[in-house]
Each structure stands twice: as C-alpha cells, then as structure tokens.
Amino acid sequence: MIPHLTVGDSAPVDRLRAAQAAIEPLLPVPFAVSSARLIRGRAAPDSWTTVAELSLAG
C-alpha cells in the first residue's frame, strides 16, 4: 500500500499546477508509519470521525 496526501482539490487548475510545481522538488518524503487510521464522513463540516486506528508496529 502506498499512502498519499491530497494537497489540492476543487481549486482552479492554475493553482493546482502551482502547488504541484512547489511540492514536486521535495518528493519523495521519507517517513516511518506506525499506525493507520480509518475515518469516514461526508462533505458536511465536522462530519469526519475515526472508525478504527490500527497499529502497524512489527
């Protein structure tokens, strides 16, 4: 599984391209993951809640 980060969504294309240009030189981002969180929600503000948190420690 490859984690991802959404940097922009529903913005004008020129702003999304500018964000891409600013971030690409910084990739890849090294990190260690010790847990994963399953969340659910809707487009409504404050509707997102944690369903489960899973430990990935080996």
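This briefing covers the salt bridge, a surface patch, backbone geometry and one loop serine.

The model is predicted: local features need pLDDT of at least 70, side-chain atom pairs count only at pLDDT 80 or more, and totals for chains, interfaces and linings use all residues. Residues are numbered from 1 along each chain as its sequence is written, and side-chain values use heavy atoms, with hydrogens and water left out. Helices (H or I, at least four residues) and strands (E, at least two) are DSSP runs, numbered from the N terminus.

**Salt bridge**
- The structure holds one salt bridge (a side-chain nitrogen of Lys or Arg within 4 Å of a carboxyl oxygen of Asp or Glu).
- Arg-37 pairs with Glu-53, and their closest N and O atoms are 3.1 Å apart.
- Arg-37 sits in strand β1 and Glu-53 in strand β2 (residues 49–55), so the pair ties together parts that are 16 residues apart in sequence.
- Arg-37 is exposed at 53% relative accessibility, while Glu-53 is partly exposed at 48%.
- Here buried means under 20% relative accessible area, exposed over 50%, and partly exposed in between (1.4 Å probe, protein chains only).

**Nonpolar patch**
- Leu-27, Val-29, Phe-31, Val-33, Leu-54 and Leu-56 make a nonpolar surface patch of about 580 Å².
- Patches are made of residues with over 30% relative accessible area and no salt bridge; like charges are joined within 9 Å, and nonpolar side chains (Val, Leu, Ile, Met, Phe, Trp, Tyr) within 5 Å.
- Accessible areas come from the Shrake-Rupley method with a 1.4 Å probe; for residues, only the protein chains shown count as cover.
- Val-29 lies in the loop between α1 (13–23) and β1 (35–40).

**Backbone geometry**
- Leu-27 and Pro-28 are joined by a cis peptide bond, with omega about -5 degrees.
- Pro-28 is in the loop between α1 and β1.
- Ser-10 is not a glycine, yet has a positive phi of about 65 degrees.
- Ser-10 is in the segment before α1 and is exposed, with a relative accessible area of 72%.
- Asp-46, also not a glycine, has a positive phi of about 60 degrees.
- Asp-46 is in the loop between β1 and β2 and is exposed at 79% relative accessibility.

**Ser-47**
- Ser-47 lies in the loop between β1 and β2 and is buried at 12% relative accessibility.
- A polar atom of the Ser-47 side chain lies 2.9 Å from the backbone oxygen of Ala-44.
- Leaving aside neighbours within four places in sequence, Ser-47 is in contact (heavy atoms within 4.5 Å) with Arg-40, Gly-41 and Arg-42.

Conventions
Polar contact = N/O pair within 3.5 Å; in protein donor to acceptor, adjacent residues only side chain to side chain.
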